[in-house]
Amino acid sequence: MRTPVVNTRVIAGVAVALFVGSMTAALTLPVLQLSVWARPPWSWVVVIPFGLLLAGCYARVLWAAFLRRHTWRHRIDAAVVVLIGYGMPLFAGPVWTALPMVVVSVAPIVFARPAAAWAATGVSVAVTPPLLLMIGTPPPMALILGLVMMPFMAPMTYGVAWLCHLVDDLRETRAELARRVVDQERLRFARDLHDTLGHTLHAIALRAELGERLAAGDPAGAGAGAELAEIQRIARSAVHDVREVVRGYRATSLATELDGAAAVLTAAGIRCERPEPPGGLPAHVHGPLGWVAREAVTNVLRHSAATWCEVTVHTEEGNVILEIVNDGAPSGARVVAGSGLRGLAERVSAAGGTLDIAAAGGLFRLTAFLPLSLAAGDGRREEVPA
C-alpha cells in the first residue's frame, strides 16, 4: 500500500504557526506588566510596531529555513530578529527577558552550511546569559534561562527543519523513482516491439516476395494462394503479439522461436535445420533465449547475404548455450551493435547471462550463455516446466 507523504508546506506552516504562537504567548506577560505599571502611551507606540516586526521577520526566517528558500532578504530578517531579540531587553529592561529565545531558535537554521549553523548556535547560547545578567536578571535565573531553558529552542527548530527537508527529499525520491520506472517501461516496450515486429514484418515481406514469384511462374496461382494465406496467418499472429507486448504479458518459447526461425530462413532460401533443445531446460531460460533466436534470425535476414545458418542449443558446465552462426558476414567486417543487439544484451544480462557477438572469416557468430539455476538471492523465481 502506498503511504501518502504530507506536503512540506503543510508541515512548515503548522510549525511556523506553533513557534510564532509560542513566542507571542511568551511575550504576553511583559505586555500585561506594561499595562499594570501604567506606562505612558508612547511605550505602546514603540512596543506594538516592534512586536509586529519581530513576529513577521521571525515567521519569514522559519518559513524560508523549513522550505530551503533562504535568500539575502531572509538574512536581513534574521538580522532584525537578532537586533530586536537582544536590543529590546538591553534598552527596555528585564521585563523582556524571554526575547533572546527567538535568537537562539533561529541560529541553527539561518545558515545552510553545518559549520556556520553550529557556530551561530554556539555564539547565541554563549551571549544570552551575560546579556540576561546585564539587564538585571538574578544570576540563578539568568543561568537557568540562558543555559538550560533557552538552548532547548535550538534543537526544536533544527529538528523541524530537518523533518521538512527529509519529507521534501522523500517526495523528490519518489518522483525520481516514478520517472525511472516509466523510462524502464518505455525501454522495455520499445525493445519488445522492435523484437516482435521486426521479425514478423520481415517474415511477411519474404512470404509476399515468394508469393509474387510463384504467381509469376504459376498462372493458376495455387502456390501464390498458399503464400497469401500464410501471410494472413502471420499478420494475425503479429496483431496478437503486439497486443501481448502492450499488455506486458508476452511469453516467448524457445521451441516456438526455433520452429519459426527454421521456417523463415528456409523460405528465404537460407539453409537451416531446426535444432532440438536439450530436454528439461528450466523455464527461466526459455524467454531470453527465445528472444535471442528471434532477433538473430531477423538480423540474418536484414543485414547479411547468408546462404546457410546453423543454430545449436546445448548445456555445458551449468549453462545453457544458444549459438547461431551464419556465413553472411563480409570478410573483415566489424560488429556494430544496433538497438536490437543492445536489447538482447540487456535481456540476457537481466537473466544473469552473457551475450557474445563476433565476426571473423566471413562468419557471424552470436552466442548466449544462461545459467541453468538461478543464483541465491536473485529476484527471479526458478521454475521447471512439468
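Trainee: Why is Arg 274 called partly exposed?

Mentor: This is a predicted model, by the way. Arg 274 has a relative accessible area of 29%. Buried means under 20% and exposed means over 50%, so Arg 274 falls in between and counts as partly exposed.

Trainee: What makes Arg 274 and Asp 259 a salt bridge?

Mentor: Their side chains meet at 2.5 Å, N to O. The cut-off is 4 Å between a side-chain nitrogen of Lys or Arg and a carboxyl oxygen of Asp or Glu, so the pair qualifies.

Trainee: Where do Arg 274 and Asp 259 sit in the chain?

Mentor: Arg 274 is in the loop between helix H10 (254-267) and helix H11 (286-303), while Asp 259 is in helix H10 itself. They are 15 residues apart. Asp 259 is partly exposed too, at 40% relative accessibility. Salt bridges with shared partners also bring in Glu 276, giving one network of Asp 259, Arg 274 and Glu 276.

Trainee: How many salt bridges turn up in the whole structure?

Mentor: A search finds 6. One of them joins Asp 77 and Arg 60, with 2.6 Å between the closest N and O atoms.

Trainee: Are Asp 77 and Arg 60 buried or partly exposed?

Mentor: One of each. Asp 77 has 8% relative accessibility, which is under the 20% limit, so Asp 77 counts as buried. Arg 60 has 39%, between the 20% and 50% limits, so Arg 60 counts as partly exposed.

Trainee: What makes the salt bridge of Asp 169 and Arg 68 a tie between separate parts of the chain?

Mentor: The side chains meet at 3.0 Å, N to O. Asp 169 lies in helix H8 (residues 153-217) and Arg 68 in the loop between H3 and H4, so the bridge ties together parts 101 residues apart in sequence. Asp 169 is partly exposed at 30%, and Arg 68 is partly exposed at 44%.

Trainee: Now a loop residue. How do you know that Thr 137 is buried?

Mentor: Its relative accessible area is 7%, and the limit is under 20%, so Thr 137 is buried. Thr 137 is found in the loop between helix H6 (114-134) and helix H7 (139-149).

Trainee: What does Thr 137 touch, leaving aside residues up to four places away in sequence?

Mentor: Thr 97, Leu 132 and Ala 142. The side chain of Thr 137 also reaches the backbone oxygen of Leu 132 at 3.0 Å. As for Gly 93, the C-alpha atoms are 9.4 Å apart in space, although Thr 137 and Gly 93 are 44 residues apart in sequence.

Trainee: Which residues make the nonpolar surface patch?

Mentor: Leu 143, Ile 144, Leu 147, Val 148, Met 149 and Phe 152, covering about 590 Å². Take Leu 143, found in helix H7. Its relative accessible area is 45%, between 20% and 50%, so Leu 143 is partly exposed.

Trainee: Where does UniProt place the "transmembrane region" feature?

Mentor: The unreviewed entry gives residues 42-66, 78-103, 115-135 and 142-163. In the model, residues 115-135 are 95% helix and 0% strand, with end C-alpha atoms 31 Å apart. Residues 78-103 are 73% helix and 0% strand, and their end C-alpha atoms lie 8 Å apart.

Key
Residues numbered from 1 in each chain as written. Predicted model: local features only at pLDDT ≥ 70, side-chain atom pairs only at ≥ 80, totals over all residues. Heavy atoms only, no water. Helix = DSSP H or I, 4+ residues; strand = E, 2+ residues; numbered from the N terminus. Buried < 20%, exposed > 50% of the residue type's maximum accessible area, 1.4 Å probe, protein only. Contact = heavy atoms within 4.5 Å. Polar contact = N/O pair within 3.5 Å; in protein donor to acceptor, adjacent residues only side chain to side chain. UniProt positions renumbered as here; feature names shortened; annotations may be inferred. Patch = residues over 30% accessible without salt bridge, like charges linked within 9 Å, V, L, I, M, F, W, Y side chains within 5 Å. Areas by Shrake-Rupley, 256 points an atom, 1.4 Å probe, with all protein chains shown as cover.
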